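Colleague: I'm new to this one. Can you walk me through it?

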Amino acid sequence: MVPVIAAVVAALLFLQALLRLRRRGRVDLAGWDRIALFAAGLGVTLFALVGPLDRLADENLLSAHMAQHVLIGDLGPALMVTALRGPLLVFFLPAAVLAPLARNTRVRAVLGTLLKPRVAFSLWAVNLAVWHVPYLYDLALAHQNLHDFEHVCWMFCGILVWTLRVDRGSLRRLTVGGRVVLAAALCAAGRILTDVLVFSFTPLYPLYHGAYGISALTDQQLSGIVMMVEQLLTLGTCVALLLRPRWSRTRRARLAAAT
């Protein structure tokens, strides 16, 4: 129920931000593409947290649990941050809420610290490592409040790193090359976990015994593959979009030189 309520609130905030920006004549920054991206991000997150995938993740398959984590901690944030990039993000909170926050020096200092590339990357990497320690992984499954907190951590860290990679406001912190390096570093950190899961010879998570004819070890290996494929797709797409303008300029320069 909580994820549904949070999704409704987020959708309403997005809608009012869209309307406010459109009233200012910036339809180009509040088009249907932004609506589609944000809706897809909310849809992916709700799909992961509410319904069959959540039950499979909690009770049956480690690979389903991994799919849930990459959806709420990577793909969902990627879509929603991409939708909110630029001025639309400024309008996401109503003026009555945003103004006091913007004037609060402590809030600004905390946000400024969290959005430092090294800090954001470190939080993401620590979150990835800590929640995959077998003891903590199983403990979260046994205690719903801790499990909910784990999900919040995934989404929070995902939003941080995707804000640095996507939003143009982060250009003052990272160049395009820096954002590509950040994507590569995240991929490398994730690769450590996927290698452990794929190449281990014994199951690491006692609560998962396999299901539907899938052994515990195969399920564990599949979970590593799920994370690897999702990271390659999302980070690969991000890097390709970041580098596309440079490729286009290089191509035009070559064509101009040839003529």
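Colleague: Leaving aside neighbours within four places in sequence, what is Gly158 in contact with?

Modeller: Setting those neighbours aside, Gly158 is in contact with Gly73 and Pro77. Keep in mind that this is a predicted model.

Colleague: Where is Gly158 found?

Modeller: Gly158 is in helix α10.

Colleague: Is Gly158 buried or exposed, and why?

Modeller: Gly158 counts as buried because its relative accessibility is 0%. The cut-off for buried is under 20%.

Colleague: And how are Gly158 and Val130 placed?

Modeller: Gly158 and Val130 are 28 residues apart along the chain. Their C-alpha atoms are separated by 15 Å.

Colleague: Let's zoom out. How many helices and strands does the chain have?

Modeller: There are 12 helices and two strands. In sequence order the pattern is α-α-α-α-α-α-α-α-α-α-α-β-β-α. The radius of gyration is 20 Å, close to the 18 Å that the globule rule gives for 259 residues, so the chain is as compact as a globular protein of that length.

Colleague: What does the C-alpha trace span?

Modeller: Along its principal axes, the C-alpha trace spans about 55 × 55 × 35 Å.

Colleague: What share of the residues is buried?

Modeller: Buried residues are 40% of the 259 in the chain. As for surface, the chain exposes about 14,200 Å². Carbon and sulfur atoms supply 71% of that area.

Colleague: What about contacts with a separation of 6 or more?

Modeller: Of those contacts, 72% are between residues 24 or more positions apart.

Colleague: Switching to charge. How many positive and negative side chains are there?

Modeller: The chain has 25 positive side chains and 13 negative ones. The centres of the two sets lie 21 Å apart.

Colleague: How many disulfides?

Modeller: The count is zero. Take Cys153, which is in no disulfide. The nearest cysteine sulfur is that of Cys157, 6.3 Å away.

Colleague: Is Cys153 buried or exposed?

Modeller: Cys153 counts as buried, at 16% relative accessibility. Cys187 is at 24% relative accessibility, so Cys187 counts as partly exposed.

Colleague: Back to helices. Which one holds Leu193?

Modeller: Leu193 is in helix α11. Leu193 counts as buried, at 12% relative accessibility.

Colleague: What is Leu193 in contact with, leaving aside neighbours within four places in sequence?

Modeller: Leu193 is in contact with Met66, Leu128, His132 and Met227, with those neighbours left aside. Leu193 and Met227 are 34 residues apart along the chain. Their C-alpha atoms are separated by 9.0 Å.

Colleague: Now loops. Where is Leu174?

Modeller: Leu174 is in the loop between α10 (144–166) and α11 (176–199).

Colleague: Is Leu174 buried or exposed?

Modeller: Leu174 counts as buried, at 11% relative accessibility. Leaving aside neighbours within four places in sequence, Leu174 is in contact with Pro117, Leu164, Arg179 and Leu182.

Colleague: How far apart are Leu174 and Leu146 in space?

Modeller: They are 34 Å apart, C-alpha to C-alpha. In sequence, Leu174 and Leu146 are 28 residues apart.

Colleague: Where is Asn104?

Modeller: Asn104 is in the loop between α6 (95–103) and α7 (105–114). With a relative accessible area of 33%, Asn104 is partly exposed. Asn104 and Leu146 are 42 residues apart in sequence. In space they are 30 Å apart, C-alpha to C-alpha.

Colleague: One more loop. Where is Tyr212 found?

Modeller: Tyr212 is in the loop between β1 (210–211) and β2 (214–215).

Colleague: What is phi of Tyr212 near?

Modeller: Phi of Tyr212 is near 55°, a positive value in a residue other than glycine. Most residues other than glycine have a negative phi.

Colleague: Is Tyr212 buried or exposed, and why?

Modeller: Tyr212 is exposed because its relative accessible area is 61%. The cut-off for exposed is over 50%.

Terms used
Residues are numbered from 1 along each chain as its sequence is written. This is a predicted model: local features need pLDDT of at least 70, side-chain atom pairs count only at pLDDT 80 or more; totals for chains, interfaces and linings use all residues. Side-chain values use heavy atoms; hydrogens and water are left out. Helices (H or I, at least four residues) and strands (E, at least two) are DSSP runs, numbered from the N terminus. The radius of gyration is taken over C-alpha atoms; the globule rule is 2.2 Å times the number of residues to the power 0.38. Buried means under 20% relative accessible area, exposed over 50%, partly exposed in between (1.4 Å probe, protein chains only). Contact means heavy atoms within 4.5 Å. Accessible areas come from the Shrake-Rupley method with a 1.4 Å probe; for residues, only the protein chains shown count as cover. Lys and Arg count as positive and Asp and Glu as negative; His and the chain ends are not counted. The place of a charge is taken as NZ of Lys, CZ of Arg, CG of Asp or CD of Glu. A disulfide is a pair of cysteine sulfur atoms within 2.5 Å.
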